[in-house]
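Have the coordinates open as you read.

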Amino acid sequence: MTFERFTVKARQAVVAAQEQARLLKHNHIGTEHILLGLLDVPDSTAAKVLHRLGYDKETARVDIAAVVKPGTEELSGHIPFAAPAKKTLDLALREAQHLHHNDIGTEHILLALVREGEGVGAKVLAERINPVSKVRAAVLASMEGSQDVAAGPWPVGTPATEDTMSTATALAGGAPVGSHHLLEAMLRAENSMAARALRELGVDPDAVSAKIDELDPETTTDANPEEAAARKMEIRLVDDEVHLILRDPTTVTIAKKVTELSNGPIQGVGPVAGMFVPLWRSTNQLLGQIQGTLGPEPEEDDGSAASKAAKTVRTVLASRLRR
C-alpha cells in the first residue's frame, strides 16, 4: 500500500496506528489502531472533530480494551494491515475523490473508518456517538473551516459531462456516487458522445438498468453501507398503517437492544414524540418524492443541468417503482 497522496498528518496517523499496534503487542494493524492513530495527531481535522463530539484518546483506549485484549509477545519490524484496515484506507481514497479533494487527509480516513462499519474502530465509535452518522456530519461541517487539504474542483467538462454528473449525483441520493450511477446517467444523457457510441454498439439502457438491479454491489468496489442498508428497506401500506421496514443487520441489532431495554415497542407518546419527529419528516419527504416521480411530468423545463437530471431520474426510477 502506497501513501503518496496522504497528507503529512494522515501519514503521521498511519505511523501512529502501527505504533499503537506495537504497544498493544498485536500482530496486525486494525481499525482500532487507526482510530487511536488519528487521535494521536491532536491538531488533525479528525482528532478535532472527535474531540468536539466528546470522544478522546483515553476514551478510545478504554473502549478498545473492552473489546480487544493485548497480545503477549513483543513485536519488531513491519506490522501488516488487517483486511478491515486495508478497506478503510481504500475507502479514504474514495471519500477524497467523492469530495473532489486532491489529497487524502485524516478527515477522509475518519469518514472511511465510519463507512467501513464492521471494524472495531467503527463499532466503538458507534457505541459512544449515537447515531454514528454524527461523525460524518461533523467532518463535512468542519470542511467549511480548517481542514488537512484544500478542495480541488472537477476538471472543466462539456455540457454532456455536467449533465451526467448532475444526474449521477441525483441517482445516488444521499449515498456516494457509484460507477453504476455514472453508467446509467451516461447512457441517458441526450446527444452525448458516450450515449451515442454505446447505443450504436447495441447497448440498451433498460437492459443495463435491469442488470444493475440484478447485481449485488457488495461484491464490487462500489459497496457502501448506506446503499447496502437502503436496498434492504421497504415501505408497505397495511390497512391504515404505513410500515417502514429496515432489514440491515446494524439497525436490527440496535432495535433488539432498544426493545430489550424498553420491554417492548416504543411509541411517540408525550415528550418521546419529539424523538420521532425527524423520522416522520423524512418519511413524508420520501413519500412526496416518490409521488412526484410517479405523477405527471412537470411542464416547465428550463434546460438546466438540474432540470435534465430530474427528467432522467424520473425515467430511471419510475419503472422500478411501478414493479
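Helix axes here are lines fitted to C-alpha atoms over the stretch in contact, and angles run from 0 to 180 degrees between N-to-C directions. The model is a predicted one. Two packed helices are described by the angle between their axes and the distance between the axes.

**Helix pairs**

| Pair | Crossing angle | Axis distance |
|---|---|---|
| H2 and H7 (residues 120–128) | roughly 65 degrees | within 6 Å |
| H3 (residues 45–52) and H6 (residues 106–116) | about 55 degrees | 7 Å |
| H2 and H4 (residues 57–67) | roughly 165 degrees | within 9 Å |

Start with H2 and H7. Their axes come within 6 Å and cross at roughly 65 degrees. Which residues meet there? From H2 come Thr31, Glu32 and Leu35; from H7 come Val120, Gly121, Val124 and Leu125. By class, this contact has four nonpolar, two polar and one charged residues.

H2 also packs on H4, at roughly 165 degrees. Angles over 145 degrees count as roughly antiparallel, so H2 and H4 are roughly antiparallel to each other. Is the crossing left-handed or right-handed? It is left-handed. On the H2 side, the contact uses Glu32, Leu35, Leu36 and Leu39; on the H4 side, it uses Lys57, Ala60, Arg61 and Ile64. The class count for H2 with H4 is five nonpolar, no polar and three charged residues.

The remaining pair is H3 and H6. Their axes lie 7 Å apart, at an angle of about 55 degrees. That angle makes H3 oblique to H6. H3 contributes Thr45, Ala46, Val49 and Leu50, while H6 contributes Thr106, Glu107 and Leu110. Sorted by class, the H3 contact with H6 has four nonpolar, two polar and one charged residues.

**The cavity**

How many cavities of 30 Å³ or more does the model have? The count comes to one. The largest cavity has a volume of about 40 Å³. Its lining consists of Ala13, Val14, Ala17, Ile34, Leu38, Leu89 and Ile109. Helix H1 (8–23) and helix H2 (31–39) are the elements that give two or more residues to this lining. H1 supplies the largest share, three residues.

Definitions and conventions
Residues are numbered from 1 along each chain as its sequence is written. This is a predicted model: local features need pLDDT of at least 70, side-chain atom pairs count only at pLDDT 80 or more; totals for chains, interfaces and linings use all residues. Side-chain values use heavy atoms; hydrogens and water are left out. On a 1 Å grid over the protein atoms alone, a cavity is a set of points where a 1.4 Å probe fits but cannot get out, and a pocket is an open set with protein on both sides within 12 Å along at least five of seven lines; lining residues have an atom within 4 Å of a point. Grid points are joined across faces, edges and corners, and a volume is the space filled by probe spheres set on the points. Helices (H or I, at least four residues) and strands (E, at least two) are DSSP runs, numbered from the N terminus. Angles under 35 degrees count as roughly parallel, over 145 as roughly antiparallel, 65 to 115 as roughly perpendicular and the rest as oblique. A crossing is left-handed if the near helix is turned anticlockwise from the far one by less than a right angle, and right-handed if clockwise. Contact means heavy atoms within 4.5 Å. Ala, Val, Leu, Ile, Met, Phe, Trp, Tyr, Cys and Pro count as nonpolar, Asp, Glu, Lys and Arg as charged, and the others, Gly among them, as polar.
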